Each structure stands twice: as C-alpha cells, then as structure tokens.
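This briefing walks through the fold of one protein chain, topic by topic. Please keep the sequence and the three-dimensional view open beside the text.

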Amino acid sequence: MRILHILDHSLPMHSGYTFRTRAIVKAQLARGWEVACLTGVRHSHDGLNPEDVDGIRFFRTPKPAGGPSPLREWREIKALEKRLDQLVREWRPDQLHAHSPVLNALAALPVASRHRLPLLYEIRAFWEDAAVGNGTGSEGSPRYHLTRALETYAARRADAVAVICEGLRHDLVQRGIPAEKIIVSPNGVDLGLFGSPPAPDLAFAERLGLAGADVVGFIGSFYDYEGLDDLIAAMPLFLERRPAAHLLLVGGGPMEEKLKLQAAGSPAASRIHFIGRVPHQEVERYYSLMDVLAYPRKAIRLTELVTPLKPLEAMAQRKLVAASDVGGHRELIEDGVTGTLFPPSDPAALADALDRLFADRAGWEARRDVARRFVERERNWSSNISRYAPAYQKMTGKALIHG
C-alpha cells in the first residue's frame, strides 16, 4: 500500500504536530507500507525538495503570492492542490491521508475526486478552536463560524475521518457526521524515543542549582491556554510547604515574556527557572531532573475537546503527572491512579495537589509503574498504528470497486 500524507509542516521543524507525524509514518514504514509526505506552504524551513529526514521522504509546496485573509488562505489551498495533483500523477499513491488544518483537506478533496482516490481526513484539533487557543481568533466571530462550517464540510466529504480523542469524535457526531465513519487514533508515545528514561544527571542538576531540590517541571509551548501563569502563581504557596521546591520551565512561545515578567515579580522568583527551547535530543536530560510534571491547562473549548501529548511522554519517562481537571486530561489521566487532577485556574488547588504528591513519596514507584504500563498498553505508537489499517483497507476496496 502506498500512502501519501498531506501536512501543514513537518520535520526538521520540531512541534507536537511533527512528532506525531513522525510516529505515524515510522510505524507505517515498519509495517512495510510505502509512505511519503507533502507539506503545504506553511512549512517554513528551507531545505531540499524533496527532502529526506529521519528516513522519511518529504515533498514541498512552492509558496504562492501572499495577500489579505481570506485571499491568502485561498491561494494556499490552490497552491497545495496543484502540487498534490502533480505528485499524485508522479508517485501514484493508493491512499491520501490529509491532516488538519482544514486547508489541507480542502486542497485534497478535489484531487482525490479527480484521481478516484480514497481520502482520510485526520483532525488533531478544530482549526477554529486552535485559533482561539493561540490568540488569533475569538469564539463566536464570523471567522470562527465560517471555519467551523469548513471543518464540517471537509469531514462530510472525506471518505473517512480520524480524530485524536473521544472529545473530537463526539463533537463531529453532534454535527451529523456518521459515527461509523470516524476512527479514534489517539496521541501516543514512540517508546523507541521515550522508552528508556535516563538516570538523573547530578552534575547537570548542580549546575542548574537543582541539587537536592523538589523539582516541578513543564516542557512544551507557552500558550495562554496552558495555564503557566497559574503554575507560577502557585509557587509561593507551594514553597511555604516545600522549602526545597523549584520550578523548571522548558520551551517557549507567545506567552514567554509575560510569564518571565510575572515570575520576576513573584516572591518565588529565585526558584523559577526558564530554560528556553532545547534540541529534541536534549529533552530527556531535562525530564530526568523533574520529579513532577505539571499541566495546568485552562478550561476552554480547545482543552476540553483535545488531548495533549506531553503528559503521555512524561508517563513514559516514569514521571508523576499533575494536571488540571479538563476534558482532554481526563481522557489520559485517572485521578489518583495514573496522575493527579486539580481544578483549573486555581493556583491554591494546584499548590495543594503538588504538596500532596510530594508528601506521598512512598507511593511514587507504584504510580510510576501503573502510568508506564498504561502508555505501553494503550498509547504506544507501535500498536496505535493498527487503528488506521481497517479504514485504509475499507476505503481502498471501495475505490477499486468504483474504479
């Protein structure tokens, strides 16, 4: 089977989006399938075309002229459609697999129709909600409703739809998308990358001023919805109970400067450490220094519907997880079993949850074992990938019959 993935961006850029794509494609290649990828015009890394990264072949789309919205988005769709049409003729895939945002599906739909190819549309988050989450849109605006309508249109027209969690599946069913058309392919962990947690680097901890500390950490992007302002606000309260506490923040994003200003004015300023972005191969080194990973996401539509990837990575690293009680986290974390849940947007409750975790060190090893087994059993990409196979086979069979 020859599968062509259509993507927003890809490796060598680093994001949760690109790491999920890598995991999917590497697992499909391991099954003996032929796989290639095409990125749209929003892939901003300069490189070869095609480009081989980590054993994966990526084709690129030339950038069209810009312009104001929505002319810009229309030009992006048409540029991707043109490049995809050309690549289908050259590479001859059996299956198209378009990943969100919906611009990619809108480009793929006419190509799939022209070439009588099955199309699976994978939604990792609804584009309208992602825009609200990253601060580029507002819920209920005309743009929000238009984007929502386009998502629904693409889901109806695609031969099958994949989503990363039950929250998105339920929302699509409420929109009238047949449940039997939707598969859930949840976020998972590549245990080849995160399967063997390293021992803490004590010399590294000493250099960072963390020797003997109770370390709470966050690794990821600094968006407003991640609730890192609540985590910083919780630190003085947490320090009153745990004098050896430190907070280690690894990553960056739109809220970085605002968070740094907040931390600088905090009574706990000397215990809050901003590391910045680090190379992917260095991430495990920072995980090794952290006792508890905190994910204080705010309760908005995006976080209620969508499951994050980072808590799963932390569980695979045998780290304790504390997360806000929002829908996306509840799909991953059983309170008191695989992690600890606390009310969102409540720094005092967050401090209480962290304190309870550090007070129960005797139970840490058992909880780490349970969380790790959950990832191995339920969220391991080597087994997750099997969820696509029945949908591919069903769609390809339909295409052959219709052809």
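In which loop does P12 lie? P12 lies in the loop between β1 (2–7) and α1 (16–30), where helices (H or I, at least four residues) and strands (E, at least two) are DSSP runs, numbered from the N terminus. This is a predicted model, in which local features need pLDDT of at least 70 and side-chain atom pairs count only at pLDDT 80 or more, whereas totals for chains, interfaces and linings use all residues. Residues are numbered from 1 along each chain as its sequence is written, and side-chain values use heavy atoms, with hydrogens and water left out.

**Backbone features in loops**

- The peptide bond that joins L11 and P12 is cis, with omega about 10°.
- A cis peptide bond also runs from N49 to P50, where omega is near 5°, and P50 is placed in the loop between β2 (34–39) and β3.
- D54, a residue other than glycine, has a positive phi near 55°, and its place is in the loop between β3 and β4 (56–59).

**The mixed sheet**

- An open sheet with mixed pairing is formed by 8 strands in the order β3-β4-β2-β1-β5-β6-β7-β8; two strands pair if DSSP finds at least two bridges between them.
- At the edges of this sheet are β3 (51–53) and β8 (182–184), each of which pairs on one side only.
- Neighbouring strands of this sheet are turned by 25° against each other on average, direction ignored; axes are lines fitted to C-alpha atoms, for helices over the stretch in contact, and angles run from 0 to 180 degrees between N-to-C directions.
- Strand β5 (residues 95–99) and strand β6 (residues 119–123) run parallel and are joined by 4 bridges, and the bridge partner of A98 is Y121 in β6.
- Helix α6 (residues 166–174) packs on the sheet and touches β6, β7 (160–163) and β8, its direction making about 165° with that of β8; contact here means heavy atoms within 4.5 Å.

**The parallel sheet**

- A further open sheet, with parallel pairing, is built from 6 strands in the order β11-β10-β9-β12-β13-β14.
- Its edge strands are β11 (272–276) and β14 (340–342), each pairing on one side only, and neighbouring strands of this sheet are turned by 25° against each other on average, direction ignored.
- Within this sheet, 8 bridges join β9 to strand β10 (residues 245–252), the two running parallel, and F218 stands opposite L249 in β10.
- Helix α10 (residues 256–264) packs on the sheet by touching β10 and β11, and its direction makes about 155° with that of β11.
- Helix α15 lies across β9, β12, β13 (320–324) and β14, and it runs at about 160° to β14.

**Helix pairs**

- Two packed helices are described by the angle between their axes and the distance between the axes.
- Helix α9 (residues 228–241) packs with helix α15 (residues 347–359) at an angle of about 50°, their axes being 8 Å apart.
- α9 and α15 are therefore oblique to each other, given that angles under 35 degrees count as roughly parallel, over 145 as roughly antiparallel, 65 to 115 as roughly perpendicular and the rest as oblique.
- In the contact between these helices, D230, L231, A233, A234, L237, F238 and R241 of α9 meet P347, A348, L350, A351, D352, L354, D355 and F358 of α15.
- The residues of the contact of α9 with α15 comprise 11 nonpolar, no polar and 4 charged, where Ala, Val, Leu, Ile, Met, Phe, Trp, Tyr, Cys and Pro count as nonpolar, Asp, Glu, Lys and Arg as charged, and the others, Gly among them, as polar.
- The axes of helix α2 (residues 71–91) and helix α3 (residues 102–115) come within 8 Å and cross at roughly 40°, and α2 and α3 are therefore oblique to each other.
- The contact of α2 with α3 has 10 nonpolar, 2 polar and 6 charged residues.

**Salt bridges**

- The structure holds 37 salt bridges, each being a side-chain nitrogen of Lys or Arg within 4 Å of a carboxyl oxygen of Asp or Glu.
- One of them pairs R297 with E226, with the closest N and O atoms 3.1 Å apart.
- This pair links distant parts of the chain, 71 residues apart, with R297 in the loop between β12 (292–295) and α12 (301–305) and E226 in the loop between β9 (214–221) and α9.
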